[in-house]
Amino acid sequence: QIPQLELNDGHHLPVLGLGTYAVQGEDGVAALSQAIQDGYRLLDTAASYGNEREVGAAVAASGVPRDELLLTSKVRGQDQGYDAARRAAERTLRDLGVDRLDLYLIHWPLPRLDLYVETWRALVDLRDEGLVRSVGVSNFTAEHLDRLVAETGVVPAVNQIELHPYFTQAELRAVHAARAVVTESWSPLGRKSTVLTDPAVVEAAENHGVSPAQAVLRWHVQLGVVAIPKSANRDRWRANLDIFGFELSAEEMERLSSLEQVRLGGDPLTHEEF
Ligand code: A2P
């Protein structure tokens with residue numbers, strides 16, 4: 001059983017979910033269905049991944065009851081704006097084959113468009129109408145969050161951001177804590193960087209007889225964030241779930257939080273995503 005974090009709307013998220021960015025085709029559906037049977041309950045997709053039908057098919061094929069699963073999707077850039085976001089939500093629900101999303105996020109703020117506040121109003125209305133259980137954002141800075149709260153009074157339940165030992169987001173996490181926003185980590189394992197071979201990570205892993213990925217995921221859990229690693233390999237996705245039988249020491253946490261910092265993905269202020 002995966003521990004849960006409470007959101008500011010009273011709902012809960014497991015601290016570990018599965019990224020589905022790479023899920024495609026029949027093989028992807030079969031793998032995802034197996035991962036659900038293996039224990040993943042929080043699944044993270046997005047309209048821009050182009051795989052919501054596959055994710056929906058895997059959910060159906062898994063045999064796990066819908067109400068035991070938490071489905072996250074995201075509004076892509078071309079669907080920002082009040083009306084467009086509402087239409088996008090309907091399309092996402094149809095493609096996933098469900099009548100409600102558990103978490104719906106604005107994928108990127110796209111400040112150049114200046115539509116994220118209107119998009120946010122649509123998400124809040126979708127929530128109030130029951131089509132979406134919780135609403136949040138992704139890749140928002142503290143300033144973007146401030147503006148949503150100032151103009152709508154509704155604080156996002158989560159902000160999903162790039163977060164791993166090479167990009168620890170200490171300042172933004174403090175802002176989240178002050179506003180009761182749960183932090184979700186994308187690329188929690190640091191993608192194609194050397195996070196998983198970093199000496200600090202390898203040493204922490206060896207100390208506990210676990211893999212580097214397990215040590216890093218445990219670091220996320222002890223930071224109090226939700227991590228959504230992805231893996232196409234059954235041994236690895238199972239191992240990634242098995243991180244609740246050991247605890248990193250304060251020194252290990254500190255060391256994994258003190259590595260050289262580098263952003264691996266898009267910058268929220270300039271990233272264009274459509
Ligand atoms: P694979 O699918 O072959 O397991 P992130 O989620 O940080 O973007 O990184 C995901 C990448 O990390 C994937 O390419 C995945 O490759 C790899 N990965 C996932 N779990 C593990 C693990 N336990 N050990 C090593 N690599 C992993």
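## Around the ligand

Helix H9 (residues 234–241) contributes three residues to the shell around the ligand, the most of any element. Helices here are DSSP runs (H or I) of at least four residues, and strands (E) are runs of at least two, numbered from the N terminus. This is a predicted model: local features need pLDDT of at least 70 and side-chain atom pairs count only at pLDDT 80 or more, while totals for chains, interfaces and linings use all residues. Residues are numbered from 1 along each chain as its sequence is written.

In total, 17 residues surround the ligand, and the closest are Ser187, Leu189, Ala213, Ser231 and Ala232. To count as near, a residue needs its C-beta atom, placed from the backbone, within 6 Å of the molecule.

## Two crossing helices

The axes of H7 (residues 199–208) and H8 (residues 212–223) cross at roughly 95° and come within 8 Å. H7 is therefore roughly perpendicular to H8, a label for angles of 65 to 115 degrees.

How do the residues of the two groups divide?

## Phe274

Phe274 lies in the segment after helix H10 (250–256). Is Phe274 buried or exposed? Phe274 is exposed because 12 other C-beta atoms lie within 10 Å; exposed means 12 or fewer, buried 20 or more.

Terms used
Axes are lines fitted to C-alpha atoms, for helices over the stretch in contact, and angles run from 0 to 180 degrees between N-to-C directions. Angles under 35 degrees count as roughly parallel, over 145 as roughly antiparallel, 65 to 115 as roughly perpendicular and the rest as oblique.
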